[in-house]
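Reader: Before we go through this model, I would like each term tied to the rule behind it. Could you take me through it in that way?

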Amino acid sequence: MSSINKSFFVIVSILSLFAFSSNAQLSSTFYARTCPNLQAIVRRTMIQAIRTEARIGASILRLFFHDCFVQGCDASILLDDTATFTGEKNAFPNRNSARGFEVIDTIKTNVEAACNATVSCADILALATRDGIVLLGGPSWTVPLGRRDSRTANQNAANTEIPSPASDLATLITMFAAKGLTARDLTVLSGGHTIGQAQCQFFRTRIYNETNIDPNFATTRRANCPNSGGNTNLAPLDTVTPTRFDNNYYTDLVNQRGLLHSDQVLFNGGSQDALVRTYSANSAAFFRDFAAAMVKMGNISPLTGTNGEIRRNCRVLN
């Protein structure tokens, strides 16, 4: 190998190390010595939360998604606004719709009692998301840990970088690609809509104006979502089992019963049709790919090492 080629190889290798260094610092055993009962504490609290309200599993999944898409998985979404600090809770995608903060607060309180100033809110959110999905019948996965909490938030990024329910397929693919996620990741992560509810304001245009929709489904949804008013009225994203994590979301798409415009574009004569059909017929494939994509999403730009902080209270900076 020539000296020039050797130098090029070394430079590329170093750049590759830098590119993946943040993710390499995450480890499933990060708290094995410092907080050995962490996962049991999170699981116990999530069991209680799901028993109280099954929908909360979907709400926490949405928190994690909205957190990771804005400056990485750093718990910035959990920060409250103050007189001197603007958080992300009042960004349009989150205002009056993001929920589950109190459950994260409870988990944090329980974790702090066992392991003071040790576990980040970002890691608690990642674990709570996984456990909520498992408790609703979904797949499990090993959560890499070691994220730290941001000392900043970005309301503008929350307004521009979280995909809208009105997005078309090309926009969704572009926005996911900006976070290092593929079109396949987009389609499988959208399957998280097999649980949870959406507000009328986010699907009104679809049920009144779009044609690629089952007319009976549209009529049913209009009963609780008038042409004007009722913006916060809720409808299930999955018509059959909205509190059970399964593959019915994809069956709905094949039958033109996607609630959001951004759901139905995944099955509308485009590049994701075949994958939607696969997942509608094969829940094992969906579960396998969903678990892998959740790990991938959880690896978006984490703060590690000495960056950020370990918040004592997830809502405020130390």
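Reader: What makes the pair E53 and R99 a salt bridge?

Author: In this predicted model, the side chains of E53 and R99 come to 2.9 Å, N to O. The rule asks for a Lys or Arg side-chain nitrogen within 4 Å of a carboxyl oxygen of Asp or Glu, and therefore the pair counts as a salt bridge.

Reader: Where in the chain do E53 and R99 sit?

Author: E53 belongs to the loop between α2 (38-52) and α3, while R99 belongs to the loop between α3 and α4 (101-114). The two residues are 46 apart, and the pair links distant parts of the chain.

Reader: How many salt bridges does the rule give in total, and how many of them cross the interface of domain 1 and domain 2?

Author: The count comes to 16 salt bridges, and across the interface of domain 1 and domain 2 the rule finds one. The domain assignment places domain 1 at 37-162 and domain 2 at 169-296.

Reader: Which elements give two or more residues to the side of domain 1 that touches domain 2?

Author: They are α3 (56-68), α5 (121-135) and α6 (155-161), and the largest share, five residues, comes from α3. By class, this side of domain 1 has 13 nonpolar, nine polar and two charged residues.

Reader: How do you know that domain 1 and domain 2 are in contact?

Author: Contact requires heavy atoms within 4.5 Å, and because 24 residues of domain 1 meet that condition with 19 residues of domain 2, the two domains are in contact. Their centres, taken over C-alpha atoms, are separated by 22 Å.

Reader: What area do domain 1 and domain 2 bury between them?

Author: The two domains bury about 1,800 Å² between them, and 75% of that area is on carbon and sulfur atoms. Of the area that domain 1 buries against domain 2, R55, F69 and L136 supply 29%, more than any other three residues.

Reader: What does the UniProt record place at residues 25-318?

Author: The unreviewed UniProt entry places the feature "domain: Plant heme peroxidase family profile" there. In the model, that span is 46% helix and 2% strand, and its end C-alpha atoms lie 23 Å apart.

Technical notes:
Residues are numbered from 1 along each chain as its sequence is written. This is a predicted model: local features need pLDDT of at least 70, side-chain atom pairs count only at pLDDT 80 or more; totals for chains, interfaces and linings use all residues. Side-chain values use heavy atoms; hydrogens and water are left out. Domain bounds come from an automatic or database domain assignment. Buried area is the accessible area (1.4 Å probe) that two parts lose on being put together, summed over both. Helices (H or I, at least four residues) and strands (E, at least two) are DSSP runs, numbered from the N terminus. Ala, Val, Leu, Ile, Met, Phe, Trp, Tyr, Cys and Pro count as nonpolar, Asp, Glu, Lys and Arg as charged, and the others, Gly among them, as polar. UniProt positions are given in the numbering used here, feature names are shortened, and annotations may be inferred rather than shown by experiment.
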